[in-house]
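Here is a short briefing to read alongside the model.

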Amino acid sequence: MHLTTSAGVNRLNQNRELLTTQATQLVAGQANLNQAGALNVFNRKLETQDIGYAFQQEANWQDKLIGTASLRLDKSSLNGDPNKMFAYPKFSLAANIANFE
């Protein structure tokens, strides 16, 4: 039996500044914001933090049966609870029937 193990970590920090301009009281066909009757400008800063952990174990038995189990754990400030880890498991089993007698 051949075993392969892998693990990884990823982290993403983003700082963004969003600027939105809203034009109202435009005459049909006008596309220039300077022709609007009223302008509203919205400025918003958005900071996000994401972190993820991944673990995977693969077992290969004589290239006949191959099983894989993995788990990914993610935490993000974009979730409802930014301190909660969410788990995403994965399992698979493959049979290479060409290698069986």
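Predicted model: local features only at pLDDT ≥ 70, side-chain atom pairs only at ≥ 80, totals over all residues.

A residue counts as buried when its relative accessible area is under 20%, as exposed when it is over 50%, and as partly exposed in between.

**Overall form**

- The chain has four strands and zero helices, and its pattern along the sequence reads β-β-β-β.
- The chain is more spread out than a compact globule, because its radius of gyration is 26 Å, well over the 13 Å that the globule rule gives for 101 residues.
- Taken along the principal axes, a box of roughly 80 × 35 × 20 Å holds the C-alpha atoms of the chain.
- Among contacts between residues at least 6 apart in sequence, 50% join residues at least 24 apart.

**The sheet**

- The four strands form an open sheet in the order β1-β2-β3-β4, and their pairing is antiparallel.
- At the edges sit β1 (2–24) and β4 (86–95), each of which pairs on one side only.
- From one strand to the next, the twist averages 15°.
- Strand β3 (residues 65–76) runs antiparallel to β4, and 10 bridges join the two.

**Charged side chains**

- How many salt bridges does the structure hold? There is one salt bridge in the structure, and it brings together the side chains of Arg72 and Asp74 at 3.1 Å, N to O.
- Arg72 counts as partly exposed, because its relative accessibility of 31% falls between the 20% and 50% cut-offs.
- Lys64, in the loop between β2 (38–61) and β3, is buried yet has no salt bridge.
- The nearest side chain of opposite charge to Lys64 is Glu101, 5.5 Å away, whereas a salt bridge needs the nitrogen and oxygen within 4 Å.
- Beyond four places in sequence, Lys64 touches Ala94, Ala95, Asn96, Asn99 and Phe100.
- Lys75 lies in strand β3 and is partly exposed, with 29% relative accessibility.
- Leaving out residues up to four places away in sequence, the contacts of Lys75 are Gln49, Asp50, Ile51, Pro82, Asn83, Lys84 and Met85.
- Between the C-alpha atoms of Lys75 and Glu47 there are 14 Å, and the two residues are 28 residues apart along the chain.

**Two residues of strand β2**

- Not counting residues up to four places away in sequence, Thr48 touches Leu12, Asn13, Gln14, Arg16, Ser77 and Leu78.
- Phe55 also has its place in strand β2, but Phe55 is partly exposed, with a relative accessible area of 42%.
- With neighbours within four places in sequence set aside, Phe55 is in contact with Ser6, Ala7, Ala69, Ser70, Leu71 and Leu73.
- Phe55 and Met85 are 30 residues apart along the chain, and their C-alpha atoms are separated by 15 Å.

Notes
Residues numbered from 1 in each chain as written. Heavy atoms only, no water. Pairing = 2+ DSSP bridges. Axes fitted to C-alpha atoms, helices over the stretch in contact; angles between N-to-C directions. Buried < 20%, exposed > 50% of the residue type's maximum accessible area, 1.4 Å probe, protein only. Lys, Arg positive; Asp, Glu negative; His and termini not counted. Contact = heavy atoms within 4.5 Å. Rg over C-alpha atoms; globule rule 2.2 N^0.38 Å.
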